[in-house]
Amino acid sequence: MKFKRHILMTSAAATLALGLSMGVHAYAQDAAEGAAPADDTTVVVTGIRKSLQSALKQKRNADRVEEVITAEDIGKFPDKNVADSLARATGVNVVTGSANAGGFGENERISIRGTDPNLNLTLMDGHNMATGDWFVLDQTNAGRSFNYTMLPSEVVGSVEVIKASSADLPEGGVGGTVDVHVRKPLDMPANSFALSAQGMYATLADKWEPNISGMYSWKNDAHTLGILVGAYYEAREFRRDGQEVLGYNDVANFAGSGQTMAVPSLIGSAYFTQKRVREGGNFMVQWKPSDTLEFDFSGLYTHLEANNENHNFMLWGSKLSATTPTAYTTATNAADSGKTYVTSASWDASPTTSSIVQDDIFRQAHSDSYDLNIDMTWRPTDKWAIKGQLGFTSGNGVTDDTAAWETYWNNVGASYDLGKVTQVAFNGLPSDPTSAAYLNNNFSWSWGGTIKAPDREAYAKIDVAYDLGDDLVRQIKFGARATDHFHGLDYLAYSWGGNGAYSGTNTVGLGTVFTGDVTPSDYGDGLPGSIPGYSFANGDAVYKFLDENNGGRKFGFYAPASFAVREKSEAYYVMAKLGGDKWRGDVGLRAVHTDTTAIQYTTNVPAGTPTTPSVFGAYAEIDTENKYWDILPSANFTYRPSDTLVFRAGAASVMSRPGYAQLAGAFTVDSTNFKGTAGGNPTLMPFRAWQYNAGVEYYYGPEALVSFTLFDLQISNFTTQEKFYQYLITQQTQLNHDNDPVAYPDPGAVFEMTGPTNGGGAKDAGFEFNLQQPLAYGFGFIFNYTYSNARKNDGSALDGNSENTANLTGYFENEKISTRLAYNYRSKFVSGLDRGAAMWQDNYGTLDGSFSYNLSDHIALTLDAQNLLHEKLYYFVGSPQFPRAIYDNGQSFYLGARFKY
């Protein structure tokens, strides 16, 4: 793969050199094409070139440092997912899953300039969008990042990536803000219609699925009323082959060595399958009863069906490490404080030692998201403009049901040798995984339940602008915004009598719920090395057995994993827009008040406290309120000495509120020693930072740009995992903001908790380079590179930060053909904490392509491809030689046709 990357980067350098050498020719050609024709002929630029021209025009006219992506044509965004397109924007990275989830085959979340996805804000036409997560660990870890799997690209007209804040921009984006703009019917020709139909083929799943979308837009002859409607149905089969090292277990005096060594807790052959179906629709109604008044009413609904199975056949290192291996080797992980890791080991078979454990997990899951929004614009005079916005947005991530079946094997010898794919072998297990000897193992336990994670917000805002017409102060702008947000997590777990009746016995086992399911014959073929295949349980059989035996499953509210956050905010701003003949700018101040109530549940309460019964014990609700103000000044400056040259600078104070689980995640306490652990800290303050930008942009043609931007982000209030004090009293939790205990009358006590607290600062500094170059005969390319050096004050890496990010896109277009190849690369980064350790994703690059052939002015044949180089996702702990996981998601192809009118 290094060889392939070397070729790509060499090709990129050659293309860049060629483009620069042809720059004068391209500029002259573009200038001629952009000028008015000498006769009455109308020159219409369409497709990729139209998209580039439109995006660069918006970027050049912007008041802030930002990037713009536009749809090439009606209903046709450049990629299958909006996050895919954002990945090609300068300074933007994407991830396909959280640290605990690992990576899947579809981009989910974005990161701007190396900041964690939770520190970036996504808006739709200026307002928040609620989101729902389909994956159970994303539901329980509840952050604030937007899940782009809920946003179909068909509804999008353009996207702004705003990197420099201003007073009139909603707060929440420390790294940056993405504003998604939907299409409007009054901006489109009357009776515009687009229909796309494709078959989606996933190579690993080896299945075709349909993808259909359509849009129709109408407006009256007077251009005062317009209606747009759209609908979409997108299905895809997922199969992910992988290997996972699920944590490393510190073993004191390992094998009598007198040393503490880290042994893999579990080394698993992971097999994940899912059929993902996204469907929904959108509408927009525009009404202009007069030249001074306009109303826009819009809505979007998306439903994602995401049932999935996750199977894992694992070497049980944490069990084996209690016995002495026959042989082992070690290595020091310098990146992990010099810890010693056992890199290979082997154990003989033992009738009392469990060497293999298998988890078969079946999840019925879905997520929903919808938005209803009204915008009003009123211009009572030539100088006054009043804009209002009112709406409601709701998302819901639901695990409708989960059932897990865990079994294990004794009397089997085992060995491993760590590597990018760890070599695992078992001695004493039948080679045929469907044989009775294989299936006759021991039952361990079953777990699962139902999770609902609602996310909803009502919002309203007003913006007022008054044009002064002065040479210095051109406009005064002020406004207010209010939100009422709720995010919850309700966990209904089940208890099952069979966990006590069967656990540790072979009365039931894998064979009890086996109906012939085995990993495919090509399982793991795409990964370097070999991974054992195996048999696994059948989901219907597991549900049937659990519900029909030992009294069936008994569901109850599981307080330790449930929580909620109610959050109200109000913001007020005032801003002056400045300008002269060659310059413009703004200076403003935004004041934000946040009022949060964290709702937690505990089974450890003083006597006499009202409680609610549950299968898992009586619990009480604890509500904690926290209020604070943020004063956010900002200033932006743009100097334009000519039509082609733009200088920019900006500074702003910004903030991002903590994630919902960070505020109210589950906690447990021990009344005997007054200590506890907390997933959330209700008194957390927001991330606060200063954001600086300075750059230059040279537009030397309608589709040509070279730009360079310096950025510096100084974060003063970062969330870390430390000790803090929490006073527990009936129905109330109190703590001052310095993490000091507060004296209150009994009943109650001060507990020393370990969990999220406001820690030290961090810094993220670097630069961005962007070159867009049309060449001769319809060819052209786009190249951008971002360097980001992000570190916490203690020197540790900032989650989500890749030091190097690069994108190279080559395109060709004429009257019949439109095609592009896009290579995206990002260097290694910390993807989050997993089982208490920082988990890194290794360097990753992917090549995507698209091709269309115009049969006529209205019909085109299309072919899109993702991950053409069949790259794999690799994760490690500290150093790449100590693996955490490797995943193969295969490749995706879309073949079909588009019709437009």
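## A tour from the whole chain to single rings

Among contacts in the protein chain between residues at least 6 apart in sequence, 73% join residues at least 24 apart. This is a predicted model.

**Whole chain.** Start with everything shown. The protein chain has 901 residues, and buried residues make up 57% of them. Its secondary structure comes to ten helices and 47 strands.

**An open sheet.** Next, select S1, S4, S5, S6 and S7. These five strands form an open sheet. Read across it in the order S1-S6-S7-S4-S5; the pairing is mixed. Go to the edges, where S1 (66-70) and S5 (127-128) stand. Each has a single partner strand, so one side of each is left without a neighbour in the sheet.

Pick asparagine 120: its bridge partner in S7 is glycine 176.

**Arginine 60.** Select arginine 60 and tyrosine 699 together. The charged end of the arginine sits over the tyrosine ring, 5.2 Å from the ring centre.

**Aromatic pairs.** Colour Phe, Tyr and Trp. The count comes to 53 aromatic pairs. Zoom to one of them, phenylalanine 104 with phenylalanine 272. The ring centres are 4.9 Å apart. The planes stand at 55°, so the pair is tilted; edge-to-face would need over 60 degrees.

Phenylalanine 104 lies in the loop between strand S2 (92-95) and strand S3 (109-112). Phenylalanine 272 belongs to strand S13 (residues 267-290). The pair therefore ties together parts that are 168 residues apart in sequence.

What does the charged end of arginine 240 sit over? It sits over the ring of phenylalanine 272, 5.4 Å from the ring centre.

**Last stop: a cluster.** Select Tyr271, Phe313, Trp409, Phe426, Tyr438, Tyr523, Tyr534 and Phe536. Together these residues form one aromatic cluster.

Note on methods: Residues numbered from 1 in each chain as written. Predicted model: local features only at pLDDT ≥ 70, side-chain atom pairs only at ≥ 80, totals over all residues. Heavy atoms only, no water. Pairing = 2+ DSSP bridges. Helix = DSSP H or I, 4+ residues; strand = E, 2+ residues; numbered from the N terminus. Phe/Tyr/Trp six-rings, centres within 6.5 Å; stacked < 30°, edge-to-face > 60°. Lys NZ or Arg CZ within 6 Å of the ring centre and 35° of its normal. Buried < 20%, exposed > 50% of the residue type's maximum accessible area, 1.4 Å probe, protein only. Contact = heavy atoms within 4.5 Å.
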